[in-house]
Amino acid sequence: MDTGESTPGPVFDFSTLSRTYQQNMKPAEREKREVDFTQKIAGLISEIERTTPNLKALDQYKDLVEKEEDVTKEFEVAKNEEKKVTDEYNKVKGARYELFMKAFNHIYGNTHPLGGTTYLNLDNEDEPFLHGIKYTAMPPTKHFRDMEQLSGGEKTVAALALLFSIHSFRPSPFFILDEVDTALDNLNVAKVAGFI
């Protein structure tokens, strides 16, 4: 333990050794043994110093515990804030989904007695905003075909049917229809004009 006091080095007294041993030992040998003993003692002292407890460790531990408590509090605050924001996001997402499905179901179920049949299919029913909607129309007296296989007039009537169906859910004050009759024959022009 470090007490702040310097300890004097060991002093060796060879006078207690027997005379024959003292006489037989050469001075170089004596110095060598003294160096060996000094090194052994220095090694033992350093080992003792290594095994002494660090008295500052308790203070360091208290500081670390306080830091951990602070970080834990910050984490709890951030976690609660994240939960609050996530709940708000999910609430808005749920309301958006309900509004979308209300409009989708109205448009999908909107039929006209004069027309053919239309179908709306969601690519992803759980999250319809992330994917598309497939729209297909089957004119009266025709078999089901893909939209690409319909004639220009049939595509125009199908597009107008979808537009007017959307309009029936959320009416707008006016439309600008620019040359929608281009691909229509006279009979279909009269039907569209009559509907409008």
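Ring pairs join Phe100, Phe104, Tyr108 and Phe129 into a cluster, where rings of Phe, Tyr and Trp (its six-membered ring) pair if their centres lie within 6.5 Å, with planes under 30 degrees apart counted as stacked, over 60 as edge-to-face and the rest as tilted. The model is predicted, so local features need pLDDT of at least 70 and side-chain atom pairs count only at pLDDT 80 or more, while totals for chains, interfaces and linings use all residues. Residues are numbered from 1 along each chain as its sequence is written, and side-chain values use heavy atoms, with hydrogens and water left out.

In total, the structure holds 5 aromatic pairs. Phenylalanine 164 and phenylalanine 175 have ring centres 6.0 Å apart and planes at 85°, so this pair is edge-to-face. Because phenylalanine 164 belongs to helix H4 (residues 152-169) and phenylalanine 175 to the loop between H4 and helix H5 (186-195), the pair ties together parts 11 residues apart in sequence; helices (H or I, at least four residues) and strands (E, at least two) are DSSP runs, numbered from the N terminus. Phenylalanine 164 also forms a tilted pair with phenylalanine 195, at 5.1 Å centre to centre and 45° between the planes. Here helix H4 is tied to helix H5, across 31 residues in sequence. Phenylalanine 164 is buried at 15% relative accessibility, whereas phenylalanine 195 is partly exposed at 45% (buried means under 20% relative accessible area, exposed over 50%, partly exposed in between; 1.4 Å probe, protein chains only).

Turning to charged side chains, the search finds 3 salt bridges in the whole structure, each defined as a side-chain nitrogen of Lys or Arg within 4 Å of a carboxyl oxygen of Asp or Glu. Lysine 79 and glutamate 76 meet at 3.9 Å, N to O, and are 3 residues apart in helix H3 (residues 57-109), about one helical turn. Aspartate 87 bridges to lysine 83 at 3.0 Å; these two are 4 residues apart in helix H3, again about one helical turn. Glutamate 127 pairs with lysine 93 at 3.3 Å. Since glutamate 127 lies in the loop between strand S1 (117-122) and S2, and lysine 93 in helix H3, this bridge ties together parts 34 residues apart in sequence.
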